[in-house]
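Here are my notes on this model. Please read them with the structure open.

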Amino acid sequence: MQKITRDVLIDKASALLSDGTVSCVLGWKKGEFDYDVTPAVFTTHDELIKDFVFSDFCGANFSKYLVSKTKNIEGRILVFLKPCDTYSFNQLLTEHRFDREKVYAVGIPCEGMADISKVRAISGEGIASIDTSGDKMLVTTLYDDEPVEIAPCDFLAERCINCKSKKHVAFDELIGEDGDVIDSNRFDEVARLESLTPDERFAFWQNELSRCIRCNACRDACPACTCEKCVFDNPASGIENKSPANEFEEKLFHIIRAYHVAGRCTDCGECSRVCPQNIPLHLLNRKFIKDMNDFYGEYQAGAEVGMRAPLVDYTTEDLEPGEVFDRRDTDA
Amino acid sequence: MQVNEYKPLIVAFCCNWCSYAGADLAGNNRLSYPADVKIIRVPCSCRVNPMFILRAFQRGADGVIICGCHPGDCHYTSGNYYTRRRMAALFSMLDFLGIERERTRLEWVSAAEGAKFAATMNDFVETVTALGENKRLEDLRCKK
């Protein structure tokens, strides 16, 4: 599959802007460094030429931005969607969170996005520039004139190594060729944790969640978290403005955050990508997805518009919570 | 010498139509169950938001039990079927995080089952007492 370049996307966006199909473009804008790319709205060709970027760091899932960006606009907004973003796109349409008529979705192929912490672990601190145009990433640091070469297998984000689909499930137009749904090993890590003893699992999560600083980035970036008023913004919760007193006190937030998106989470991995403390939050979501698949049949949120999620459905023959454990014990 | 015997704090969410009436029947029949059980009446077992359960644990409960009508007998036709799915997912997640699975339970108790209600509560309190204090889910910031 060919690598999509910035110019291809700018040409496409400019053409659609000039023929009036869309009135603005949701794209990526370069930040202070090559790796901090921020989503931005562009309205003219000149702006695109000036600021638009596309690199291996353009991992942001744009579906959530459509909820706010499609309000108060004239005409349609152009959005570039990677295969995993299209699942969130469908899921949000299922929940009537934005108007499909106001969006012009262009599917772009994706070979996986980079994880800056992995890059940094190899190149060291002080990254001056990153060139992602070739097959290998070239990272130049302040302390070395020779760029460091990093192969995709070493810089790809965890969610991209275990990519579940290269197939676009929603688009108006596609750049490049569509891929297929992949039979990935994404539940292996969840299964490994399940095989541990409860004490080991507790120790694992205590270690991970103790790093949480409650910045709420996972909630803010999650395409499934689109409530206008969030239950965690409750000033009467008793934990407002208090620092945790032990290592595991943010667990309520994490369990409920994962629970609120259970059955709606498309496993796009944004929560883990944005976490400044590198907590593997996607494992909580995947645990719910794995459970739903095991208990109530295979279900991929966002595969089609209008599907009924497992938690808003039932059959009279469902498993009792106790039977769930019995079954797991006999499997083990 | 006085011995401080450990008394667990148990929160029981009981549905108005079956389990709460079952608790009433247990009382009418003079069946005893431990006073550590604090019953909270809810209109239907599906009124119990998973947040309620975690909130109870956060504020110092040692065990939480949800009681509802038997499947098929829900006053609102299908509420307890949703409860069953929700709790299966939640309990499985708590187990995934390493929290003792015996601390949470879902039971079906009808209005005619006063004896079952008392027996269930006796058994649950015994189980939780054996586990001891809930340390893994408490939150010192909101504990009184």
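1. Strand β1 (residues 10-15) of chain B runs parallel to β3(B), and five bridges join them. B:F13 has B:I66 as its bridge partner in β3(B). Strands count as paired if DSSP finds at least two bridges between them. Strands are DSSP runs of E, at least two residues, and helices are runs of H or I, at least four residues, both numbered from the N terminus.

2. A word on the source. This is a predicted model: local features need pLDDT of at least 70, side-chain atom pairs count only at pLDDT 80 or more, and totals for chains, interfaces and linings use all residues. Residues are numbered from 1 along each chain as its sequence is written, while chains are lettered from A and ligands numbered from 1 in the order in which they are written.

3. β3(B) also pairs with strand β4 (residues 104-108) of chain B, in the parallel sense, over five bridges. Here B:C67 stands opposite B:E107. Helix α3 (residues 79-96) of chain B carries the chain from β3(B) to β4(B), in a right-handed β-α-β crossover. Right-handed means that, with the strands pointing away from the viewer, the path from the first strand over the helix to the second runs clockwise.

4. Why is β3(B) largely enclosed by the rest of the structure? Because six of the six residues of strand β3 (residues 63-68) of chain B are buried. Buried means that 20 or more other C-beta atoms, placed from the backbone, lie within 10 Å of the residue's own. B:G63, B:I65 and B:C67 are buried on one side, and B:V64, B:I66 and B:G68 on the other.

How values were computed:
Buried ≥ 20, exposed ≤ 12 C-beta atoms within 10 Å, placed from the backbone.
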